[in-house]
Amino acid sequence: MASDDPLCVLYVPKEEINSSECENMSGKKKMSEEFEANAMDSLVDMPLATIDIKDDCGITDVPQVNLERSEENEYNDQIKKKKKKNKDYQPNYFLSIPITNKEITKGIKILQNAVIQQDKRLAKAMTGDGSFHVTLLVMQLNDDEVNIGIDALLELKPFIEEILQGKHLTLPFQGVDTFGNQVGFVKLAEGEHMNPLLEIAEAAKRTFQEKGILAGESRSFKPHLTFMKLSKVPWLRKMGVKKIDPKFYEKFISHRFGDEMLHRIDLCSMLKKKQSNGYYHCESSIVIGDKNGGEPDDAELVKLSKRLVENAVLKAVQQYLEETQNKNKPGDGSTVKTEEADRNGTDNDNRK
């Protein structure tokens, strides 16, 4: 019997649910799964400077009853919220501390191979050999702002030197962790090196922002060395790979990878074509300290060569413009006529 009460709910036995309703429910579930997959597919392959779900959301230890909500879902929720909130802020450049210690890179390759041996599908999710780095700051630069970013980087150097007071900053890497089981990274060990590194990161953020550049993130700075990320291979989710299994890296939880001395900071593009060695496109660099006993750094030599070429081209253009202007000055025609008259007079004299 029908009821006019809007709160009245009719009970329908399970046997009487027809097949079309089942198909509708199945369709909705499928749409939900596709939406979730598409959300992850849209993540671009770029450095993630400070993604830490607990820091970002203020999440502490999760009660056991709530563990059904997986970490990767929390990670996805945060990505969606971030995209919705910061549509106008899309970082495309970053400050990079390159990893050059072969001991560290060798250890990471061993770690990556250990993961791949357990699931070969994850091979393409690995960070390339030449791309290992620690992100110091992310920012958004348009074509006209790149030179401003370069100036900001150069202005940052004396601030870093003041923070370090002539001392070397050594970064020790030990252990492995993930961000929401989506991004695998080698951890920067705790120690006295953390305070100056955090000061440098803050000085970088302040220097670039004072130039009017959109830089930094709302979450706290968490330095790390990424070795893999699932967002590099979106189709993995469609194959059922939705997280990085902790068992894949359990043997490396306390592994010491080595130390990296801070000697260079690069302004890199996330989107431009990478260099032949696998490292990011670098707009400019600053050298910190004296790593090679007075020998100029490769990046410094490249930057110097680039400046010399630019100066030479600029000088040639200026010279060309000056010559063109001189030729087009009023009175040039009379000068030419006078010269011709002088030549004719000389010729007549010679004939006499």
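**The sheets and their surroundings**

Modeller: Strand β3 (residues 170-179) runs antiparallel to β7, and 5 bridges join the two. Strands count as paired if DSSP finds at least two bridges between them. The names follow DSSP runs numbered from the N terminus: helices are H or I of at least four residues, strands are E of at least two. This is a predicted model, where local features need pLDDT of at least 70 and side-chain atom pairs count only at pLDDT 80 or more, while totals for chains, interfaces and linings use all residues. Residues are numbered from 1 along each chain as its sequence is written, and side-chain values use heavy atoms, leaving out hydrogens and water.

Stay with that pair for a moment. Gln174 has Arg256, in β7, as its bridge partner. The pair belongs to an open sheet of 4 strands, ordered β6-β4-β3-β7, with antiparallel pairing. β6 (224-229) and β7 (256-261) are the edge strands; each has a single partner strand, so one side of each has no neighbour in the sheet. From one strand to the next, the twist averages 35°. Helix α4 packs on this sheet and touches β3, β4 (183-188), β6 and β7. A contact here means heavy atoms within 4.5 Å. The direction of α4 makes about 145° with that of β7. Such angles run from 0 to 180 degrees between N-to-C directions, with axes fitted to C-alpha atoms, for helices over the stretch in contact.

Now the other sheet. It is open, has 5 strands in the order β5-β2-β1-β8-β9, and pairs in the antiparallel sense. Its edges are β5 (214-215) and β9 (282-287); each has a single partner strand, so one side of each lacks a neighbour in the sheet. Helix α5 (residues 146-164) packs on this sheet, touching β1 (93-98), β8 (264-269) and β9, and its direction makes about 15° with that of β9. β2 and β5 pair antiparallel over 2 bridges. Met139 has Ala215, in β5, as its bridge partner. Helix α6 (residues 194-210) lies across β1, β2 and β5, at about 20° to β2.

Phe208 counts as buried because its relative accessibility is 0%; buried means under 20% relative accessible area, exposed over 50%, and partly exposed in between (1.4 Å probe, protein chains only). Leaving out residues up to four places away in sequence, Phe208 touches Leu95, Leu137, Met139, Gly149, Ala152, Leu153, Ile213 and Ala215. Phe208 and Met139 are 69 residues apart along the chain, yet their C-alpha atoms are separated by 8.5 Å.

Ser131 lies in the loop between α4 (102-118) and β2 (133-140). Ser131 is buried, at 2% relative accessible area. Beyond residues up to four places away in sequence, Ser131 touches Lys274, Gly278, Tyr279 and Tyr280.

Last, the cysteines. A disulfide requires a pair of cysteine sulfur atoms within 2.5 Å, and by this rule the count is 0. Cys268 is in no disulfide, with the nearest cysteine sulfur, that of Cys282, 4.7 Å away. That distance is too far for a bond. Cys268 is buried, at 0% relative accessible area, whereas Cys282 counts as partly exposed because its relative accessibility is 24%.
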